[in-house]
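Try each task before reading its solution.

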Amino acid sequence: MRASLRLRLKWMVRFTVRNNRPEDFSTLWQIDQGCFPPGISYTQLELKSFIQRRGAFTLVAETSPGHEPPEGLSNSGQAMPRILGFLVAESRRAAGHIITIDVRSQARRRLVGSGLLEAAESRMRSRDCEVSRLETAVDNVAALSFYKRHGYSVIKVVPRYYSNGLDALVLEKNLLSSAPLR
């Protein structure tokens, strides 16, 4: 095995992506609060309304049963909570929309966000969506880099999109030309 592949496997987390369950809500909201500053993070009412929208779906990434999180994923010697992150999206007509993607800081850079995004794009394709769109804060360099690596391009700026007055970038990906090869 090449050294770079061994290094990548060392940092991966074994997780599964599943549909949201009602009992997950409190944990999902707490994750959202930890991922975004006030003015960008959602209130409980906002998050609940996005999850319950017509055409919406929520995917949850959790550690695979029987697999302990690797070293470095614990907080103060305590085991990492089972839910690593989540994604809320919706599909309407020919367009999908990623509402939020939230991954615990300890699980970032371990392919959790990529797994959630790929699962959401697959679901959108199965619902005949041609494109996926999302918004991110203009100053969220990490998110912008992540989405660009996954084939998203900036299509416009929305002034004062967030409640704190911050502008947002709207990104889009053509799902038909980027379907995974099987």
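Accessible areas here come from the Shrake-Rupley method with a 1.4 Å probe. The model is predicted.

**Exercise 1.** Find what share of the accessible surface belongs to carbon and sulfur atoms.

*Solution.* Start with the total: the accessible surface of the protein is about 10,700 Å². Carbon and sulfur atoms hold 51% of that surface. Now turn to burial: of the 182 residues, 41% are buried.

**Exercise 2.** Work out the order of helices and strands along the sequence.

*Solution.* Count the elements: the protein has five helices and seven strands. Then read along the sequence: the pattern is α-β-α-α-β-β-β-α-β-α-β-β.

**Exercise 3.** Explain what the salt bridge between arginine 18 and glutamate 62 ties together.

*Solution.* Check the distance: the two side chains meet at 3.2 Å, N to O. Arginine 18 sits in strand E1 (residues 15-19) and glutamate 62 in strand E2 (residues 56-63), so the bridge ties parts 44 residues apart in sequence. Arginine 18 has 13% and is buried; glutamate 62 has 12% and is buried.

**Exercise 4.** Identify the salt-bridge partners of glutamate 90.

*Solution.* One partner is arginine 53, at 2.9 Å, N to O. Arginine 53 lies in the loop between helix H3 (44-52) and E2, and glutamate 90 in strand E3 (residues 83-92), so this pair joins parts 37 residues apart in sequence. Another partner is arginine 92, at 3.2 Å, N to O.

Notes
Residues are numbered from 1 along each chain as its sequence is written. This is a predicted model: local features need pLDDT of at least 70, side-chain atom pairs count only at pLDDT 80 or more; totals for chains, interfaces and linings use all residues. Side-chain values use heavy atoms; hydrogens and water are left out. Helices (H or I, at least four residues) and strands (E, at least two) are DSSP runs, numbered from the N terminus. Buried means under 20% relative accessible area, exposed over 50%, partly exposed in between (1.4 Å probe, protein chains only). A salt bridge is a side-chain nitrogen of Lys or Arg within 4 Å of a carboxyl oxygen of Asp or Glu.
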